[in-house]
Amino acid sequence: MGFEHVAGVGTRVWRWSRTSGTQPRLLHAGKAAFAACLAWFIARHVPGVASDYPYYAPLGAVVAMQTTVFAGLRSGIQTLVGIGLGIVIAGFTMWIGDPGFIAIALAVGIGVLVGGFRILGEGSSWVSTAALFVLLVGGAHAEGYSLGYLVQMAVGVAVGLLVNFLVFPPLRFWDAEHRIDAVNDVLADHLDGLAAVLEADERDEKAWDKQQDRLDRAIADVRSRVSIAHESRKLNPRGALRGSRARLQQDGARFRALERAAWYTTDLTELVARSGPVSDGLGRPDPAFAEPLAKAFRELACMIRGECPESAGDDAIAEVERALDASKEDPSHVAVTSAALVSLRGIVESERRATEDLETSTGPSAFGHRRDVRR
């Protein structure tokens, strides 16, 4: 086995581990394991009654080891607040009477009610949990247990935050960029599918309901990942690195362009693949315009993939416009095709706006597998 072959396999494995998210997951798992061990070591040297409950410190470290430093801080604070409220609720129910069925019911009921406040976030589920722990585990030593529980969780949260901050603090740029590239392919396939519908004149509305749902879920997934990428820069020392802000702006512009293109594509789906005929075909483009429209769909799909220049989309749309100008068809058919033309133009303008503003496009990112296309 030659060196080149081994190097090629290693390169493919490396790329797969990155695109699949294996690399960041492995790093996150290693950091969490280290933080839990460090928290356990520190917890056994905490003075006072808290030293009797060191096992809560690793739990706190895991709570704070979120995908971003900012998310870890938010989760840690919310968890500690939730535990504090649970301890107060447990104290209230114990003041009413000895722990029993009534005290447990009150603790859980009040805990769930209090945990319903959205401001608690991650801490909502800890309110009733902490209350039950204090009642059932703390028992006769509820005061010491409550103090040890809260202190050791705080120690663990602090350790987890420190490890996440100091050891390769995560920046989630690559994840967002990779998903944007993937959704571009979904959007381009969607347009190719619409072209095939026009060419074959065969529609399966249930299938297109599923296809549209796939596109909607993909866009929602990218929106979440772009938001996480922005959040990953907060409180992150690596966020001050040169180019990180510009990279985030670029990703945001690419996503906004992609989202607009998806919105216009949804309109095209309604016109071409899903809308039923209202009166003599009203509601769908006339077959006379099928060929230029199908060609326009395929050219725009090629442009979104980054395989064709923007001028290809403009040329295809110009052909549809010429067909409309020369048409003597029923005005309702012309109106529907004109509506499709507006959506096509919207996709091209979304691409152009991103390109002009930030020297990017809805197509594959400069950080990924952008094809060599002269624009």
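This is a predicted model: local features need pLDDT of at least 70, side-chain atom pairs count only at pLDDT 80 or more; totals for chains, interfaces and linings use all residues.
Local features require pLDDT of at least 70 and side-chain atom pairs pLDDT 80 or more, whereas totals for chains, interfaces and linings use all residues. Residues are numbered from 1 along each chain as its sequence is written, and side-chain values use heavy atoms, with hydrogens and water left out.

The protein contains 13 helices and zero strands (DSSP runs, H or I of at least four residues for helices and E of at least two for strands, numbered from the N terminus). Of its 375 residues, 44% are buried (under 20% relative accessible area, 1.4 Å probe, protein chains only). Among contacts (heavy atoms within 4.5 Å) with a separation of 6 or more, 79% join residues 24 or more positions apart.

Nine aromatic pairs were counted (ring centres of Phe, Tyr or the six-membered ring of Trp within 6.5 Å; planes under 30 degrees apart are stacked, over 60 edge-to-face, the rest tilted). The rings of Y53 and Y145 have centres 5.2 Å apart and planes at 90°, so this pair is edge-to-face. Y53 lies in the loop between α2 (22-43) and α3 (56-64) and Y145 in helix α7 (residues 142-166), so the pair ties together parts 92 residues apart in sequence. Y53 is buried at a relative accessible area of 13%, and Y145 is buried at 1%.

For Y56 and Y149, the centres are 4.4 Å apart and the planes at 40°, so the pair is tilted. Y56 belongs to helix α3 and Y149 to helix α7, so parts 93 residues apart in sequence are tied together. Both Y56 and Y149 are buried. Ring pairs link Y53, Y55, Y56, F133, Y145 and Y149 into a cluster.

Methods:
Buried means under 20% relative accessible area, exposed over 50%, partly exposed in between (1.4 Å probe, protein chains only).
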